[in-house]
Amino acid sequence: MAAAAVGRAGLGFLRGLRLPGPAGVRGLRAGGEGLRQQEFTSLEEKPQFPGASAVFIDKLEFIQPNVISGIPIYRVMDRQGQIVNPSEDPQISQEEVLKLYKSMTLLNTMDRILYESQRQGRISFYMTNYGEEGTHVGSIAALDDADLVFGQYREAGVLMHRGYPLDMFMAQCYGNTSDPGKGRQMPVHYGCKDLNFVTISSPLATQIPQAVGAAYAFKRTNTNRVVICYFGEGTSSEGDAHAGFNFAATLECPVIFFCRNNGYAISTPTSEQYRGDGIAARGPGYGIQSIRVDGNDVFAVYNATKEARRRAIAENQPFLIEAMTYRIGHHSTSDDSSAYRSVDEVNYWDKQDHPISRLRHYMANRNWWDEEQEKSWRKKSRKRVMEALEEAERKLKPKVQLLFSDVYSEMPWHIAKQQTSLERHLKQYGEHYPLDHFEK
């Protein structure tokens, strides 16, 4: 299944090479037709360096980055929702498929409403998930509820599929009294301890070494849990990503690195972000088993994640999944993507290769969904989102005194000093005194 695709992707370039046999130790020799086999006369002539597994060659030749053909993209269904290879069909029940679809479409509806809310000045910031919904629900559906999630900032569908309620999404974005973070975080920086979803932080890639540390703890306590860590292809250029990959491989941690390669890191296209063959190509260099999947195919994402989880627990090994998809929306409400990509490019992915439409085709092909059900569900989902939004707007903002109430079991002296200063000024000027006037 997905494991076979991992093998094909990682080992396809080794086809045709002969293994050492009884005739003696063989090496590879560079020649006009590529690398040729060279026999060693004794074991002593084979390299014994501890840092690599290799052979000697006697011709100067640098390894070219484009010698090996691109890593293939694993898929299960085509753009019309037809299963390509029946043996790869995950055989998910109708009930679960409908849950996948409703999570994706509810997320899409929430995105549209909260995006407009920001444009109207009701919230300060927002990031949509348009076009990447399949990577969210396909991956999280393949995991156990006890598995720990480290997200970046475009994984709202992961939380939604796990059951995070709409009113909590709204409370966080509005920073009202129901927000568990009491308004300390920017919008879309969700977190939920009960659903094993670590609170999102803004700096890129900080979650990657953190996820590896958590996976190492799982390994030491033998909990049969995995950690999944989401990030974008732009994030993989950060130093924390490389450190995390290396630690995961050398410490043999049960962690799944899930890269959403959506084409753009803010305004930087992949052609300017890296020169190699995507992100999956980096895995073998660190000793991580890797696969590239069609991120717009929810079943391909599901299969790959499910197999990676099984093997991560059984073998205590990290896995890297690169999900190829496309960011249809702007990077955030602070971005205007029309400045660096064409409308035709965006329309192609929105109309021709969208994860929601692909899954809808699949359900329609099996008579599990029709136009009437679609209209009814869209109307119902929009009503639910609007009700949650209106409730969030009615609630007050948290009092600033609460910012000190639940962070430390023993408050550090400098924080205590800030609290005392805050209380003194509130007593003198009232709660609406400008916070930037407080003593430092």
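These legends describe close-up views of one predicted model. Residues are numbered from 1 along each chain as its sequence is written, and side-chain values use heavy atoms, with hydrogens and water left out. Because the model is predicted, local features need pLDDT of at least 70 and side-chain atom pairs count only at pLDDT 80 or more, while totals for chains, interfaces and linings use all residues.

**View 1. The open sheet of six strands.** The strands follow the order S4-S3-S5-S6-S10-S9, with parallel pairing. Two strands count as paired if DSSP finds at least two bridges between them; strands (E, at least two residues) and helices (H or I, at least four) are DSSP runs, numbered from the N terminus. Strand S4 (197-198) and strand S9 (289-294) each have a single partner strand, so one side of each has no neighbour in the sheet. Two bridges join S4 to strand S3 (residues 148-150), and Val-149 stands opposite Phe-197 in S4.

**View 2. Glu-322 in strand S10.** Glu-322 is found in the strand spanning residues 319-324. Its relative accessibility is 0%, so Glu-322 counts as buried (under 20% relative accessible area; exposed is over 50%, partly exposed in between; 1.4 Å probe, protein chains only). The side chain of Glu-322 makes a polar contact with the side chain of Arg-292 at 2.8 Å. A polar contact is a pair of N or O atoms within 3.5 Å; within protein, one must be able to donate a hydrogen and the other to accept it, and residues adjacent in sequence count only if both atoms are side-chain atoms.

**View 3. The salt bridge of Arg-122 and Glu-393.** The closest N and O atoms of this pair are 3.2 Å apart; a salt bridge is a side-chain nitrogen of Lys or Arg within 4 Å of a carboxyl oxygen of Asp or Glu. Arg-122 lies in the loop between helix H2 (94-119) and helix H3 (133-140) and Glu-393 in helix H13 (residues 371-394), so the pair ties together parts that are 271 residues apart in sequence. Arg-122 is partly exposed at 43% relative accessibility, and Glu-393 is partly exposed at 34%.

**View 4. The salt bridge of Glu-155 and Arg-260.** The side chains meet at 2.4 Å, N to O. Glu-155 is in the loop between S3 and helix H4 (156-161), and Arg-260 is in strand S6, 105 residues apart. Both residues are buried.

**View 5. The salt bridge of Arg-378 and Glu-374.** These side chains meet at 2.8 Å, N to O. The two residues are four apart in helix H13, and therefore separated by about one helical turn. Arg-378 is partly exposed at 28%, whereas Glu-374 is buried at 5%.
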